[in-house]
Amino acid sequence: CILIFICIFPVNSLLLRFTEDTFDPEQSATIGVDFKVKTISVDGNKAKLAIWDTAGQERFRTLTPSYYRGAQGVILVYDVTRRETFTKLDNWLNELETYCTRNDLVKMLVGNKIDKEKRVLDRAEGLKFARKHSMLFIEASAKTKDGVQCAFEELVEKIIQTPGLWQSENHGRAVQLSDEDAGGETCGGYCSVL
């Protein structure tokens, strides 16, 4: 499997939209760690994703270091209507550097809740942060589905394109790629790959 570790602020709505195509505005925050599996097609290749969603709450931060080991990709998510979620990104990146076992880890920054009118962070601010930290960047809305599928597809595509990344630590348990037509949503202008 391609292992993807996900840090979600403040709830796991992005993960539920991607894996189950559901959205609940009353969704409660992740307690501890959530785990989902989903198979997607990217550029005609099938990839089975094992996705960990960690709690954003400080009291669960001690649980997360073990989930960094072996991860090939990380998605850091912030809420475009809450600046405090954006300012905490540096803490998550520091934790990644401390506990991640890979130097070639693919990182993506997702600005969520772009459907909201009371936005406090604009796209340029997210893009600047992503560029500074060599991350892929996209804005999305778990509510409207905009950019959600594309975020995961772009991350997986970059993992597959990174020599040895998706095979090296799994020794035979790597993602199995086969020629198939890619399905699902298209990026529709939301993808912004650096």
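A salt bridge is a side-chain nitrogen of Lys or Arg within 4 Å of a carboxyl oxygen of Asp or Glu. The views below show a predicted model, in which local features need pLDDT of at least 70, side-chain atom pairs count only at pLDDT 80 or more, and totals for chains, interfaces and linings use all residues. Residues are numbered from 1 along each chain as its sequence is written, and side-chain values use heavy atoms, with hydrogens and water left out.

**View 1. Glu139 and Arg119 form a salt bridge.** Their closest N and O atoms are 2.2 Å apart. The pair links distant parts of the chain, 20 residues apart: Glu139 belongs to strand 6, Arg119 to the loop between strand 5 and helix 5. Helices (H or I, at least four residues) and strands (E, at least two) are DSSP runs, numbered from the N terminus. Glu139 is buried, at 6% relative accessible area. Arg119 is partly exposed, at 30%. Here buried means under 20% relative accessible area, exposed over 50%, and partly exposed in between (1.4 Å probe, protein chains only).

**View 2. Strand 6 (residues 136–139) is covered on both faces.** Leu136 and Ile138 are buried on one side. Phe137 and Glu139 are buried on the other. In a regular strand the side chains alternate between the two faces of the sheet. Strand 6 pairs with strand 5 (residues 106–112) in the parallel sense, over four bridges. Two strands pair if DSSP finds at least two bridges between them. Ile138 is the bridge partner of Val110. From strand 5 the chain passes through helix 5 (residues 123–132) to strand 6, a right-handed β-α-β crossover. Right-handed means that, with the strands pointing away from the viewer, the path from the first strand over the helix to the second runs clockwise.

**View 3. Asp79 meets Lys113 in a salt bridge.** The closest N and O atoms are 3.2 Å apart. Asp79 lies in strand 4 (residues 73–79) and Lys113 in the loop between strand 5 and helix 5, so the pair ties together parts 34 residues apart in sequence. Asp79 is buried, with a relative accessible area of 0%. Lys113 is partly exposed, at 21%.

**View 4. Thr85 sits in helix 3 (residues 83–87).** Thr85 is buried, with a relative accessible area of 2%. Its side chain reaches the backbone nitrogen of Asp79 at 2.9 Å. A polar atom of the Thr85 side chain also lies 2.7 Å from the backbone oxygen of Arg82.

**View 5. Arg17 and Asp21 join side chains in a salt bridge.** The N to O distance is 2.9 Å. Arg17 is buried, at 12% relative accessibility. Asp21 is partly exposed, at 42%. Salt bridges that share partners join Arg17, Asp21 and Lys145 into one network. A search of the whole structure finds seven salt bridges.

**View 6. Helix 6 (residues 148–161) is mostly covered.** Ten of its 14 residues are buried. Among them are Val148, Cys150, Phe152, Leu155 and Ile159. The expected span is 1.5 Å times one less than the number of residues. For helix 6 this gives 20 Å, and its end C-alpha atoms are 20 Å apart, which agrees.

**View 7. Glu95 is placed in helix 4 (residues 89–99).** Glu95 is buried, with a relative accessible area of 10%. Its C-alpha atom is 9.1 Å from that of Tyr68, 27 residues apart along the chain.

Notes
Polar contact = N/O pair within 3.5 Å; in protein donor to acceptor, adjacent residues only side chain to side chain.
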